[in-house]
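Here is a report on one protein model. Look through the sequence and the structure first, then read on.

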Amino acid sequence: MREEQSNKPSQKNKNPKKPWFWPLIYAGFSVAFVGMIWGYNVFVDTDTAGESKWTDAGKDKVTIETNAQAESMKYPFKETLLDSMEIVQHYYDMEADEATREKSLLVFNQTYVANTGVSLSMNGEPFEVVAAMSGKVEEVNVDPFVGDEIVLSHANGMQTKYRSVTGILVKVGDVVEQGQALATSSENEWNPTAGVHLQFEVYNEEGILINPESLLAF
């Protein structure tokens, strides 16, 4: 009897343990968990992609405005023309010497008028008029008598005016860069003694006329 009992297979041998079972379960849960996290991150990145584009655009806009505010005023013509350019009529400054003040008076219909800007001429020849600073076109006034005019506003609060021009290349609402072509100098009936010229005026942040020669070394 003992021999027969000893020859029977034990219950333990009939149902052996599987040591790999629980590790496999843990590994499966880990893979599923990692997959859920990865899927969530992809969803969040996709959902915020549009917002990041707008954010980048906003930063670009701020950068552009900051650069415009930091600009220094340049000549309203190509700098290569500087040696050929002449101020035929100065800005009227009460503190200037008598000869300069005399050249700052415009004569029309036997009446003297103080010049509110500088009248620039290049040997009586037409020349390209450019933006003295980056800005926005606020006005385009067409008046053959006093000369067609362009008014620009700038990021630092100043304004510049370009009068006695023709062949205007911009329109109201346009944003222009410093040095961009605006028009061509011309002549007008109101100031015939200046011939073909550009009447260039500058207004400060308070809207008060200032002498362009205080900002530019003509």
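pLDDT is the predictor's confidence in each residue, on a scale from 0 to 100. The model is predicted, and its average pLDDT is 80. A score of at least 70 is reached by 68% of the residues.

**Where to be careful**

Two stretches call for caution. Over residues 1-15 the pLDDT is below 50. Beyond near neighbours in sequence, residues 1-15 have zero contacts in the model. Residues 42-64 also carry a pLDDT under 50. For residues 42-64 the model shows zero contacts beyond four places in sequence. Where pLDDT is low, the predicted coordinates should not be read in detail.

**Overall build**

The protein has 218 residues, and 31% of them count as buried. Its secondary structure consists of five helices and 12 strands. Take the contacts with a separation of 6 or more: 63% of them involve residues 24 or more positions apart. The accessible surface comes to about 14600 Å². Carbon and sulfur atoms hold 55% of that surface.

**Salt bridges**

Side chains of opposite charge can pair when their charged atoms come close.

| Glu-149 | Arg-163 | 2.9 Å |

Start with Glu-149 and Arg-163, whose side chains meet in a salt bridge. The pair links distant parts of the chain, 14 residues apart. Glu-149 sits in strand β7, residues 148-153. Arg-163 sits in strand β8, residues 159-166. Glu-149 has 9% relative accessibility, which is under the 20% cut-off, so Glu-149 counts as buried.

Salt bridges that share partners join Glu-149, Arg-163 and Glu-201 into one network.

Is Lys-171 buried or exposed? Its relative accessible area is 55%, over the 50% cut-off, so Lys-171 is exposed.

**Aromatic pairs**

A pair of aromatic rings is described by the distance of the centres and the angle of the planes. With ring centres required to lie within 6.5 Å, the count comes to five aromatic pairs.

One of them is Phe-77 with Phe-127: the ring centres are 6.4 Å apart and the planes stand at 85 degrees, so the pair is edge-to-face. Phe-77 lies in the loop between α4 (49-69) and β1 (86-89). Phe-127 lies in the loop between β4 (118-121) and β5 (128-130). The pair therefore ties together parts that are 50 residues apart in sequence. Phe-77 is buried, with a relative accessible area of 2%. Phe-127 is buried too, at 3% relative accessibility.

Phe-77 also pairs with Phe-218: the centres are 6.4 Å apart and the planes are at 45 degrees, so the pair is tilted. This pair links distant parts of the chain, 141 residues apart. Phe-77 is in the loop between α4 and β1, while Phe-218 is in the segment after β12 (209-210). At 33% relative accessibility, Phe-218 counts as partly exposed. Ring pairs link Tyr-75, Phe-77, Phe-127 and Phe-218 into a cluster.

**Positive phi values**

Asn-123 is not a glycine, yet its phi is positive, at about 55 degrees. Asn-123 lies in the loop between β4 and β5. At 62% relative accessibility, Asn-123 counts as exposed.

Ser-164 is a residue other than glycine and has a positive phi near 65 degrees. Where does Ser-164 lie? Ser-164 lies in strand β8. Ser-164 is buried, with a relative accessible area of 2%.

Note on methods
Residues are numbered from 1 along each chain as its sequence is written. Side-chain values use heavy atoms; hydrogens and water are left out. A salt bridge is a side-chain nitrogen of Lys or Arg within 4 Å of a carboxyl oxygen of Asp or Glu. Helices (H or I, at least four residues) and strands (E, at least two) are DSSP runs, numbered from the N terminus. Buried means under 20% relative accessible area, exposed over 50%, partly exposed in between (1.4 Å probe, protein chains only). Contact means heavy atoms within 4.5 Å. Accessible areas come from the Shrake-Rupley method with a 1.4 Å probe; for residues, only the protein chains shown count as cover. Rings of Phe, Tyr and Trp (its six-membered ring) pair if their centres lie within 6.5 Å; planes under 30 degrees apart count as stacked, over 60 as edge-to-face and the rest as tilted.
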